[in-house]
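The sequence and the structure come first.

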Amino acid sequence: MNKIDGSDAVHRLSLGSLELKNNMILAPLAGVSNMAFRVIAREAGCALAFTEMISANGLVRGNDKSRHYLLSSEEDKPLGVQVFGSDPVFLADAVRIADEQGADLIDINMGCPVKKVVKNGAGAALLKDPDRVSKILEMVRKATRKPLTVKIRSGWNGQNINAVRIAQIAEHQGIDAVIVHARTAVQGFAGSADWRVIEEVKNSVGITVIGNGDVKSGVDARDMIRLTGCDGVMIGRGALGNPWIFKSAVSVASEETGPDMPTLIERKEMIVRHLEAESLLGGSDGAVVRFRKHLLWYTKRLRGGSVFRAKATTISEKNLLMDEIERFFNSAEMTS
Ligand SMILES: Cc1cc2nc3c(=O)[nH]c(=O)nc-3n(C[C@H](O)[C@H](O)[C@H](O)COP(=O)(O)O)c2cc1C
């Protein structure tokens with residue numbers, strides 16, 4: 001693989017007309033990357049954050065849930081909206097809606113391997129139909145002047161690695177960047193990402209290439225850039241319970257000293273802020289339930305964490321949960 005100078009690893013990034021402060025991006029994550037989490041990730045240093053995948057058909061038909069995913073705010077900028085579908089006309093209409101509703105950038109999902117998505121010819125199923133990919137990208141390009149990206153996998157399966165071909169189609173149709181999750185659709189999340197595909201794509205197109213897959217630390221982000229030459233890094237699971245990964249990625253990649261792990265107090269403060277942000281999204285009790293998964297991720301490796309989690313997941317009232325969080329971190333502080 002290529003080796004580039006590490007000091008080039010973090011830099012401002014242009015995606016069409018959009019200027020990002022750095023090249024670290026929060027991935028679209030279904031059930032996770034809502035406004036609360038996006039704002040938390042931005043505070044930690046990520047330059048662009050995505051909604052979860054939104055059904056193009058749902059958006060066009062005015063489905064409440066689909067429209068709800070577009071909810072955003074001043075602090076939640078710049079916003080990437082991801083849509084999925086298989087019909088070029090619906091996708092173009094959905095892109096128009098996302099544009100009108102304030103998206104700063106729109107991504108077309110061509111990587112989701114989930115059965116109920118691919119059986120309708122959407123998500124990663126599109127990788128098997130380059131002609132349709134071309135038609136879709138031609139139509140969505142005509143639907144907006146905002147930056148457009150396409151998020152793909154290496155290919156459908158090991159016998160059909162075609163990320164380079166799809167990226168070339170994207171470039172031909174005027175798409176601003178391609179995001180490559182370096183696994184096949186059939187792999188799902190199994191095995192490890194093969195970053196060589198990112199390098200191959202980077203060497204084959206002139207448009208921006210964002211690498212994705214298995215970046216679990218700031219050092220990984222820097223290494224992905226060094227090894228593949230990609231222009232930016234998208235982080236998904238590595239940010240769960242660990243928004244600090246963005247701060248680390250930015251400082252490690254710019255060859256500054258990487259920050260230490262957060263202290264217990266910083267971790268507690270992050271949890272409290274995140275829970276408050278979640279509550280603002282509607283209904284503090286619903287927020288507690290929605291927040292449970294984050295709480296598990298935030299406390300995964302902490303001493304006494306499993307006892308705390310067993311208790312915390314029985315609580316559905318925000319104030320009681322806040323008390324429990326306070327108690328846990330106070331006693332953790334005393335024993336650390
Ligand atoms: C819980 C979860 C939800 C996801 N939802 C989406 C999604 O809505 N759209 C998408 O393109 N990818 C989605 N992905 C894939 C991620 O965006 C990313 O490509 C993948 O997790 C690999 O990156 P990572 O190793 O940094 O997590 C999801 C992944 C996870 C774990």
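## Basis and ligand contacts

A polar contact is a pair of N or O atoms within 3.5 Å; within protein, one must be able to donate a hydrogen and the other to accept it, and residues adjacent in sequence count only if both atoms are side-chain atoms. The model is predicted, so that local features need pLDDT of at least 70 and side-chain atom pairs count only at pLDDT 80 or more, while totals for chains, interfaces and linings use all residues. Residues are numbered from 1 along each chain as its sequence is written, and side-chain values use heavy atoms, with hydrogens and water left out.

The ligand is surrounded by 16 residues, of which the closest are A30, K151, N212, D214 and R237; a residue counts as near if one of its heavy atoms lies within 4 Å of the molecule. A nitrogen atom of the ligand lies 2.7 Å from a backbone N or O atom of A30, and an oxygen atom of the ligand lies 3.1 Å from a backbone N or O atom of M53. In the side chain of N109, an N or O atom is 3.3 Å from an oxygen atom of the ligand. The protein buries 86% of the 610 Å² that the ligand exposes when taken alone (Shrake-Rupley method, 1.4 Å probe).

## Aromatic pairs

There are four aromatic pairs in the structure, where rings of Phe, Tyr and Trp (its six-membered ring) pair if their centres lie within 6.5 Å, and planes under 30 degrees apart count as stacked, over 60 as edge-to-face and the rest as tilted. The ring centres of F308 and F328 are 4.5 Å apart with the planes at 15°, so this pair is stacked. F308 belongs to helix α13 (residues 305-312) and F328 to helix α14 (residues 318-335), so that the pair links distant parts of the chain, 20 residues apart; helices are DSSP runs (H or I, at least four residues), numbered from the N terminus.

F308 and F328 are both buried, meaning under 20% relative accessible area (1.4 Å probe, protein chains only). F328 also pairs with F329, and because their centres are 5.1 Å apart and their planes at 75°, that pair is edge-to-face. The relative accessible area is 9% for F328 and 2% for F329. Elsewhere, W244, F291 and Y298 form one aromatic cluster.

## Helix α11

Helix α11 (residues 264-280) has 17 residues and reaches 24 Å from its first C-alpha to its last, close to the expected 24 Å. Its buried residues include L264, M270, I271 and L275. After α11 comes G282, with a positive phi near 125°.

Technical notes. Helix = DSSP H or I, 4+ residues; strand = E, 2+ residues; numbered from the N terminus. Buried < 20%, exposed > 50% of the residue type's maximum accessible area, 1.4 Å probe, protein only. Expected span 1.5 Å × (residues − 1).
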